[in-house]
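Colleague: I'm new to this one. Could you show me how to read its pockets and cores?

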Amino acid sequence: MTAKQKIKTDLALATGEGRSKTGEKDRKFVEALSRGLDVLRAFSQGSVILGNQDIARLTGLPKPTVSRMTYTLTKLGYLSYNPLLEKYQLSSGVLALGYAYVSNLKVRQLAKPYMDEFARRTNMSVGLTCHDRLHMIYVENRMPPEATLLRMEIGLRLPMATTSAGRAYCAAVSESQRKILMDGMAKKYGDQWPEKREGLERAMEEYKANGFCLSLGEWDRNINSAGVPVHLEDGTTMVLTCAAPSYLISGEKLRDSIAHQLAMLASDIEALGV
C-alpha cells in the first residue's frame, strides 16, 4: 500500500461514516461537513502547510471540492492562507476548539496529582490519551521533577497498532468496535499488517492475563511503555500510559512491577467518579 493510500485509510476510517448499521446511506450524515473535517485532518499527517493539490492527494477529494472547503474554512478562521506560497495552514480557530476540549476535560484535572506522584515514584513519563480513529492522542503528560526525556506534548498522536496506549484501547473496547479498528489497520498497513497484528494480539492477551498492555521497543526501539484503559462514567474509554527509555526501565521491571502499579493508578482514577 502506498503512503497516500495509508493516509486516506486513516482519514476515512471505516467506522460506518455516512452509512447506517444496515449499510444504507445515513440521511442524518452531513457529507459536506465530513469532507471539511477531513481537510482539517490532512494537516495532522506531517505537513504544517499544504496547497489544495496536496490536500486533494491526501484526502482523495476532488480538487474543486477541496478549493471550496479551504476557502470556507479560511473564512471561518480555521485555516489561514499564505499568498506567497499559495498554501494553507491551520489557524487559531482550530487551537480554540482543541483548548476548549482539553481545558474542560475533568478527568485530566483530577488525575494530575495522582499522575505526578506516580511519575515521581517510578521516574517515568505518565500520560493520559484519548482515541482518534487509528491513533491515540495525548491530552495530558506528567514528568518526574528531574527528568528531561520523553516529554510528550499534548496533542501528540500515537499509532494504535504498536503503542501501549493503542493496544490497551483495542483490548478495552467491544468486539464490534475492535473489529472496525482492526479492519482499518489492515487496510492502512497492507503487507505489514500480519506482523503488527501479531504484536497487537499478543499485547491484548497480556491484558486479559494481567490488566495492562506493553510495547517494548515496538513503537520506538529505545522506549518501553505500558498502557491501562480508564473507563469514565460517561462511557468514554481513555488510556493511562507510562514510558521511559529502555536503558532506564527494562521490559522485565515494567512487566513485573511498574505496569501493575499503573493498573492500580487507573483504578484510583476511575474511583474519582469522572
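Predicted model: local features only at pLDDT ≥ 70, side-chain atom pairs only at ≥ 80, totals over all residues.

Colleague: What is the volume of the largest pocket?

Modeller: A pocket is an open set of points on a 1 Å grid over the protein atoms alone, with protein on both sides within 12 Å along at least five of seven lines. Here the largest pocket comes to about 1,200 Å³. Its lining has 35 residues, with V94, L97, G98, D132 and I137 nearest the centre. Lining residues have an atom within 4 Å of a point.

Colleague: Which helix gives the most to that lining?

Modeller: That's α5, with 8 residues; helices are DSSP runs of H or I, at least four residues, and strands are runs of E, at least two. Domain 1 (16-91) and domain 2 (105-271) both give residues to the lining, so the pocket lies between them. Those bounds come from an automatic or database domain assignment.

Colleague: And how do I read a nonpolar core?

Modeller: In soluble globular proteins, nonpolar side chains tend to be buried together. A core is a set of buried Ala, Val, Leu, Ile, Met, Phe, Trp, Tyr and Cys residues joined through side-chain atoms within 4.5 Å, where buried means under 20% relative accessible area with a 1.4 Å probe, protein chains only. In this model the largest core has 32 residues, and among those touching the most other members are V107, M238 and L254. The largest share of this core, 8 residues, comes from α10. There is also a second, separate core of 23 residues, which includes L158, A165, A168 and L181.

Colleague: Why is helix α7 described as largely enclosed?

Modeller: Because 8 of its 9 residues (164-172) are buried, the rest of the structure largely encloses it. Among the buried ones are R167 and Y169.

Colleague: How many cavities of 30 Å³ or more are there?

Modeller: A cavity is a set of grid points where a 1.4 Å probe fits but cannot get out. This structure holds 1 of 30 Å³ or more. The largest cavity has about 110 Å³ of space, and Y138, T163, S164, W219 and S225 lie nearest its centre. For both volumes, points are joined across faces, edges and corners, and the space filled by probe spheres set on them is counted.

Note on methods: Residues numbered from 1 in each chain as written. Heavy atoms only, no water. Buried < 20%, exposed > 50% of the residue type's maximum accessible area, 1.4 Å probe, protein only.
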